[in-house]
Amino acid sequence: MAETTLELGIVGGYMLVALAVGVVAYRLTDRTAEDYYLASRTLGTVVLLFTTFATLLSAFTFFGGPNLAYSAGPEWILVMGLMDGVIFAVLWYVLGYKQWLVGKRHGYVTLGEMLGDRFGSTPLRVVVAAVSLFWLFPYVMLQQKGAGQAIVGLTGGAVPFWVGAGGITLFMVGYVALSGMRGVAWTDTLQGLFMLSIVWVAVAWVLSAVGGAGAATAALGASEPAFLGLGGGLYTPQYIVSTAVSIAFGVTMFPQINQRFFAAGSKKVLKRTFALWPVLVVLLFVPAFMLGAWAAGLGVTVPEGGNVVPAILSEYTPTWFAALVVAGAMAAMMSSSDSMLLSGSSYLTRDLYRPLTGRDDASDERTDRREALLARAGVVAFATLSFVASLYTPGTLVQIGDTAFSGFAQLTVPVALALYWRGTTRTGMFAGVVGSQLFYGLHVFPVVATLAGLVGADIALPAAYLGWSPGIVGILVGGLLTVSVSLVTAPAATEDRTAYAVSGVESD
């Protein structure tokens with residue numbers, strides 16, 4: 001009982017520190033929608049880098065990735081630590097910089113606003129927001145699921161899943177609704193530094209207990225020799241490339257990442273952050289995933305439905321330190337969920353509430369304050385629904401995360417074409433966005449295909465195409481549809497085909 005109290009006290013103390021940061025941020029926040037969503041577009045290099053870092057490093061990173069390394073080997077580092085980090089850094093500059101330019105010129109807050117304005121189409125704006133919210137929902141749920149599992153593992157089941165997940169959800173709702181982007185970004189910076197430090201201390205502690213990295217790797221080679229060679233375990237070249245591309249493309253279209261593109265203070269900030277990004281990714285993913293791989297060689301037993309990181313820490317480190325690392329994992333989960341809740345509420349208010357209620361052109365102070373209040377209500381509603389769903393939804397953290405990543409990835413090519421190719425038409429965008437989502441959705445949710453009469457009840461769509469995932473094939477489908485349909489259709493009179501060619505808003 002005393003150990004459980006200590007563990008929960010450490011986690012709770014950390015959460016209170018994060019809440020205090022949010023309260024300070026609230027005192028410095030303007031009561032406007034733009035400041036609530038984007039911190040008035042003033043984020044500097046360190047804060048932008050760490051808030052993006054912390055936002056993307058979630059339950060998937062601390063639990064899902066190490067679990068996969070435990071079962072299939074450390075090549076997962078190639079996917080997330082190297083390929084994905086580099087691909088996203090390139091996309092960050094190619095797409096993020098362009099979004100920053102047009103966002104600063106036109107005052108955009110969301111991807112839907114940007115595309116709706118570019119093609120003069122409220123329906124397109126609504127479709128992009130609906131697609132984004134649809135895939136955001138399971139990823140928020142993943143964080144809550146991971147939080148519940150972490151508390152159960154930390155306390156040996158003394159605290160049930162629903163209490164852990166519910167407590168973290170209430171905490172996040174409190175400081176996100178209170179402080180908005182400024183508080184989220186500052187808290188993310190604290191959480192990012194904390195999780196990066198604590199995972200390296202965890203690795204050092206475990207390795208010192210087992211005789212060093214050489215001894216741990218030798219044990220892994222003796223127990224799982226396939227894990228030490230390329231192509232071992234469950235990995236294939238198609239799997240590695242499919243997963244890395246799907247994750248990098250998906251991350252680029254995450255609503256919370258798009259908002260960080262808009263929130264950068266200057267061109268120089270964007271350049272610095274995208275250059276530093278791969279370094280931070282490697283510094284976190286290598287130790288976290290190697291802990292999972294080494295655990296397989298050390299004979300660590302993971303309880304059914306549990307996670308390998310808490311298991312190896314409970315075996316080789318003191319209780320109080322294991323609690324600190326779980327607090328770091330909680331930091332990862334909270335720093336993802338808080339940004340998702342904030343961006344989800346902005347999509348609800350800016351892309352659904354505004355155009356569908358005829359308030360899109362309203363810009364008076366009273367309307368702005370009403371929208372900021374509505375955004376806070378959206379945070380509460382979104383978090384509550386995803387929490388309830390997390391209690392009943394099956395599937396591992398990797399499966400849930402991979403589904404959401406690939407869903408977002410379907411948007412990347414159409415968005416890139418809209419930003420860089422003036423020949424893209426409204427009809428082409430609809431075809432690319434809807435067509436790729438339909439293709440991928442029929443593979444992820446086969447019951448939809450059956451109900452639609454597209455596939456017989458006794459026939460299944462292929463799980464892969466020559467080894468390539470449906471997510472990757474869907475990306476190609478979206479690109480081909482956008483280009484081919486744009487080539488045979490004329491632009492609508494309301495489309496703005498020149499706005500994105502300008503760069504006169506560049507700032508150093």
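This report walks through a predicted model of one protein chain, from its overall make-up to a few individual residues.

## The chain as a whole

The secondary structure of the protein chain comes to 20 helices and zero strands. The chain has 508 residues, and buried residues make up 56% of them. Its accessible surface comes to about 18700 Å², with 68% of that belonging to carbon and sulfur atoms. If you look at contacts between residues at least 6 apart in sequence, 87% of them join residues at least 24 apart.

## The nonpolar core and an enclosed helix

The largest nonpolar core has 138 residues, and the members that touch the most other members are Phe 88, Leu 115, Trp 277, Leu 313 and Met 330. Helix H8 (residues 161-210) gives the largest share of this core, 17 residues. For Met 330, leaving aside neighbours within four places in sequence, the contacts are Val 11, Ala 147, Ala 150, Ile 151 and Ile 168.

Helix H8 also holds Ala 209. With a relative accessible area of 45%, Ala 209 is partly exposed. Ala 209 and Tyr 316 are 107 residues apart in sequence, yet their C-alpha atoms are 6.5 Å apart in space.

Helix H11 (residues 255-263) deserves a look of its own: nine of its nine residues are buried, so the helix is largely enclosed by the rest of the structure. Among these buried residues are Pro 255, Asn 258, Arg 260 and Phe 261.

## Aromatic rings

The structure holds 19 aromatic pairs. A pair of aromatic rings is described by the distance of the centres and the angle of the planes. Two pairs are set out here.

| Pair | Centre to centre | Angle between planes | Arrangement |
|---|---|---|---|
| Phe 285 and Phe 289 | 5.2 Å | 15° | stacked |
| Trp 320 and Phe 321 | 5.9 Å | 85° | edge-to-face |

Phe 285 and Phe 289 are four residues apart in helix H12 (residues 267-297), so about one helical turn separates them. Both Phe 285 and Phe 289 are buried. In the other pair, Trp 320 counts as partly exposed because its relative accessibility is 40%, whereas Phe 321 counts as buried because its relative accessibility is 2%. Why do the rings of Trp 320 and Phe 321 count as edge-to-face? Their planes stand at 85°, and the edge-to-face label applies because planes over 60 degrees apart receive it.

There is also an aromatic cluster, formed by Phe 50, Phe 53, Phe 88, Trp 92, Phe 261 and Trp 277. Some of these names have come up already: Phe 88 and Trp 277 are among the core members that touch the most others, and Phe 261 is one of the buried residues of H11.

## Charges over rings

Two side chains place a charge over an aromatic ring. Lys 98 lies over the face of Tyr 420, at 5.1 Å from the ring centre. The charged end of Arg 118 sits over the ring of Phe 119, 4.4 Å from its centre.

Arg 118 lies in helix H6 (residues 111-118). Is this arginine buried or exposed, given its 3% relative accessibility? Arg 118 counts as buried, because the cut-off for buried is under 20%. The side chain of Arg 118 also reaches the backbone oxygen of Ala 418 at 3.3 Å.

Gln 410 is placed in the loop between helix H16 (397-409) and helix H17 (412-420), and at 1% relative accessibility Gln 410 counts as buried. Its side chain reaches the backbone oxygen of Gly 471 at 3.0 Å. Beyond neighbours within four places in sequence, Gln 410 is in contact with Ser 436, Gln 437, Tyr 440, Gly 471, Gly 474 and Ile 475.

Ile 475 has its place in helix H20 (residues 470-488) and is buried, with a relative accessible area of 8%. Not counting residues up to four places away in sequence, Ile 475 touches Val 245, Phe 249, Ala 409, Gln 410 and Val 413. Ile 475 and Ser 406 are 69 residues apart in sequence and 8.7 Å apart in space, C-alpha to C-alpha.

Terms used
Residues numbered from 1 in each chain as written. Predicted model: local features only at pLDDT ≥ 70, side-chain atom pairs only at ≥ 80, totals over all residues. Heavy atoms only, no water. Helix = DSSP H or I, 4+ residues; strand = E, 2+ residues; numbered from the N terminus. Buried < 20%, exposed > 50% of the residue type's maximum accessible area, 1.4 Å probe, protein only. Polar contact = N/O pair within 3.5 Å; in protein donor to acceptor, adjacent residues only side chain to side chain. Phe/Tyr/Trp six-rings, centres within 6.5 Å; stacked < 30°, edge-to-face > 60°. Lys NZ or Arg CZ within 6 Å of the ring centre and 35° of its normal. Contact = heavy atoms within 4.5 Å. Areas by Shrake-Rupley, 256 points an atom, 1.4 Å probe, with all protein chains shown as cover. Core = buried A, V, L, I, M, F, W, Y, C linked by side-chain atoms within 4.5 Å.
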